[in-house]
Amino acid sequence: MKKAELPQLPYPLDALEPHYDARTLELHHGKHHLAYVNSLNAALDKLAAARAAGDFALVKHFEREVAFHGGGHILHSVFWTNLSPDGGGAPAGELADALVRDFGSLTAFDAQMRAATNAVEGSGWGVLAAETGSGRLTILQVEKHQNLLLPGWVPVFVIDVWEHAYYLKYQNRRAEWVDAVMQHLVNWPDVAGRWARAGAARD
Ligand code: MN3
């Protein structure tokens, strides 16, 4: 199986200042995300070895390791492209129409996205997810990197609310970090592209 790799950031480390500081981004991408990539690859190797040895107690253990570290790798990879130095503002076009259809209004979507993300219990993610094939949209409160996801629904816009994502700059003020993403950082064209691809996909 091809090894997972750390994707390059699509902007310089200081590009998201002042809303996202360069030091946090450097640690978050270069240390935290890298650790998920390395741990995913190690878990996949150990899973294969356990399977080959017929040790299904160990298989169960490493399946869970793959879910956690693989979830972390994938959600962080989406997250970097969901942010932009030119981000913020309001969604437009067909994505905006779909948000109004599924949440009632853009204001209602914005309020639910912030409230749900702020209320994630412990470490996790606020996630706008699109149903494969239909493009229907919903909001999920993902705990850790893998719990409370919905099969068949693709994350198209994710907000990391693990403390490692914001503590250096925002300390305990998670809501200020979520506000910064919603007002200044979210890359709506990237979200729209992910939503369109999920909606067009057929299984
Ligand atoms: Mn993170």
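In which helix is Arg194 found? Arg194 is found in helix 7, residues 188–200; helices (H or I, at least four residues) and strands (E, at least two) are DSSP runs, numbered from the N terminus. This is a predicted model, in which local features need pLDDT of at least 70 and side-chain atom pairs count only at pLDDT 80 or more, while totals for chains, interfaces and linings use all residues. Residues are numbered from 1 along each chain as its sequence is written, and side-chain values use heavy atoms, with hydrogens and water left out.

**Domains**

- The chain is divided into domain 1 (22–82) and domain 2 (93–202), with bounds that come from an automatic or database domain assignment.
- The C-alpha centres of the two domains, domain 1 and domain 2, lie 22 Å apart.
- Contact (heavy atoms within 4.5 Å) links 17 residues of domain 1 with 24 residues of domain 2.
- The size of an interface is often given as the accessible area lost when the parts come together.
- Between domain 1 and domain 2 the buried area is about 1,600 Å², and carbon and sulfur atoms give 65% of it; buried area is the accessible area (1.4 Å probe) that two parts lose on being put together, summed over both.
- On the domain 1 side, Leu75, Phe79 and Asn82 lose the most area to domain 2, together 40% of what that side buries.

**Arg194**

- Leaving aside neighbours within four places in sequence, Arg194 is in contact with Ser77, Val78, Thr81, Asn82 and Val156.
- Arg194 and Ala115 are 79 residues apart along the chain, and their C-alpha atoms are separated by 23 Å.

**Helix 3 and its partners**

- The axes of helix 3 (residues 93–103) and helix 4 (residues 106–118) come within 8 Å and cross at roughly 75°; axes are lines fitted to C-alpha atoms, for helices over the stretch in contact, and angles run from 0 to 180 degrees between N-to-C directions.
- Helix 3 and helix 4 are therefore roughly perpendicular to each other, a term for angles of 65 to 115 degrees.
- Ala96, Leu99, Val100 and Phe103 of helix 3 meet Leu106, Ala108, Phe109 and Gln112 of helix 4 in this contact.
- The residues of the contact of helix 3 with helix 4 comprise seven nonpolar, one polar and no charged; Ala, Val, Leu, Ile, Met, Phe, Trp, Tyr, Cys and Pro count as nonpolar, Asp, Glu, Lys and Arg as charged, and the others, Gly among them, as polar.
- Helix 3 and helix 7 have axes that come within 9 Å and cross at roughly 75°, which makes helix 3 roughly perpendicular to helix 7.
- Here the contact is made by Glu94, Leu95 and Ala98 of helix 3 with Trp188, Val191, Ala192 and Trp195 of helix 7; by class, six are nonpolar, none polar and one charged.

**Helix 4 and helix 6**

- Helix 4 packs with helix 6 (residues 174–185) at an angle of about 145°, their axes being 10 Å apart.
- Their contact involves Phe109, Asp110, Met113, Arg114, Thr117 and Asn118 of helix 4, and Arg174, Ala175, Val178, Asp179, Met182 and Gln183 of helix 6.
- The contact of helix 4 with helix 6 has five nonpolar, three polar and four charged residues.

**Backbone features**

- Most residues other than glycine have a negative phi, and most peptide bonds are trans.
- The peptide bond from Glu17 to Pro18 is cis, with omega near 0°, and Pro18 is found in the segment before helix 1 (22–53).
- Lys144 is not a glycine, yet has a positive phi of about 55°; Lys144 lies in the loop between strand 2 (137–143) and strand 3 (153–160).

Conventions: Parallel < 35°, antiparallel > 145°, perpendicular 65-115°, else oblique.
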